[in-house]
Amino acid sequence: MHANSRAIVTQQTAPHEDLSRRVSRALTHPWRKPLASHTRIAFGAARTWLHEQDKPLILDAGCGVGVSTRRLAARFPGHAVIGIDRSADRLSREHGELPDNALLVRADLVDFWRLALQEGWQPARHYLLYPNPYPKASHLKMRWHGHPVFPALAGLGGELEARSNWRLYLEELALALAQATGCEPCLEPCEPSGEYLTPFEHKYHASGQPLWRLTATLAHRPALLPT
């Protein structure tokens with residue numbers, strides 16, 4: 001595959017100076033956004049499916065077209081893999097049969113994470129694969145670690161793995177996780193071997209862009225999300 005994906009363009013050269021304040025605010029100020037009804041319904045269906053699976057949970061957050069969900073389900077056949085994305089169009093694209101231990105859910109992640117935390121879900125693994133980096137410095141609050149929902153993400157626990165073609169995004173995520181949980185994330189180059197987990201990973205790698213991988217072992221801490 002030949003690709004010419006553009007590299008991240010940003011004026012930001014170091015972790016955002018406002019990151020620590022935003023994380024502190026998220027940890028101490030309850031977020032009052034109402035839960036979307038369509039996500040409540042989708043979560044209810046996912047809860048029923050997970051109960052029937054009776055397997056450890058893997059969350060594939062922001063799964064896009066669902067390639068990663070399919071591949072994680074094949075890689076971990078003893079787990080139940082739920083891929084979540086807000087786009088019905090992306091989720092409806094044909095990428096082969098969905099394994100029996102995989103489910104694709106159309107929902108808003110910010111609501112799905114909060115519902116999962118309320119329900120007491122404890123994912124064994126949690127993937128954030130090539131999230132939108134929002135590279136403008138003014139968009140920090142749109143990155144997951146700068147968003148009010150960040151404590152729910154961190155509080156779910158499990159083996160968190162995030163991948164990106166922008167190292168600075170993962171550096172910020174590592175700082176935010178350390179501030180919120182005291183953990184010491186590992187950040188290292190990512191060299192895909194075998195199947196690419198996502199189409200973006202394939203495209204970025206084929207374009208010669210360096211890829212990065214953050215891993216962190218997180219405790220289940222629902223109290224991180226202020227109420």
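Residues carry numbers counted from 1 along each chain as its sequence is written, and side-chain values rest on heavy atoms, without hydrogens or water. As the model is predicted, local features need pLDDT of at least 70 and side-chain atom pairs count only at pLDDT 80 or more, while totals for chains, interfaces and linings use all residues.

Seven strands make up an open, mixed sheet, in the order β3-β2-β1-β4-β5-β7-β6. Here helices (H or I, at least four residues) and strands (E, at least two) are DSSP runs numbered from the N terminus, and two strands pair if DSSP finds at least two bridges between them. The edges are held by β3 (102-106) and β6 (186-189); each has a single partner strand, so one side of each lacks a neighbour in the sheet. From one strand to the next the twist averages 20°.

Next come two helices. Helix α2 (residues 37-53) lies across β1, β2 (80-85) and β3, and runs at about 170° to β3. Helix α3 (residues 67-75) lies across β1, β2, β3 and β4, at about 155° to β3. For these angles, axes are lines fitted to C-alpha atoms, for helices over the stretch in contact, and angles run from 0 to 180 degrees between N-to-C directions; contact means heavy atoms within 4.5 Å. Ile41 belongs to helix α2 and is exposed, with a relative accessible area of 63%. Its C-alpha atom is separated by 9.0 Å from that of Ala107, 66 residues apart along the chain.

The pockets complete the tour. On a 1 Å grid over the protein atoms alone, a pocket is an open set of points where a 1.4 Å probe fits, with protein on both sides within 12 Å along at least five of seven lines; lining residues have an atom within 4 Å of a point. Grid points are joined across faces, edges and corners, and a volume is the space filled by probe spheres set on the points. The largest pocket has a volume of about 950 Å³. Its lining has 36 residues, of which Gly62, Asp85, Arg90, Pro131 and Asn132 are the closest to the centre. Helix α8 gives the most to this lining, with three residues.

The second largest pocket has a volume of about 210 Å³. Among the residues that line the second largest pocket are Pro30, Trp31, Arg114 and Pro222.

Note on methods: Buried means under 20% relative accessible area, exposed over 50%, partly exposed in between (1.4 Å probe, protein chains only).
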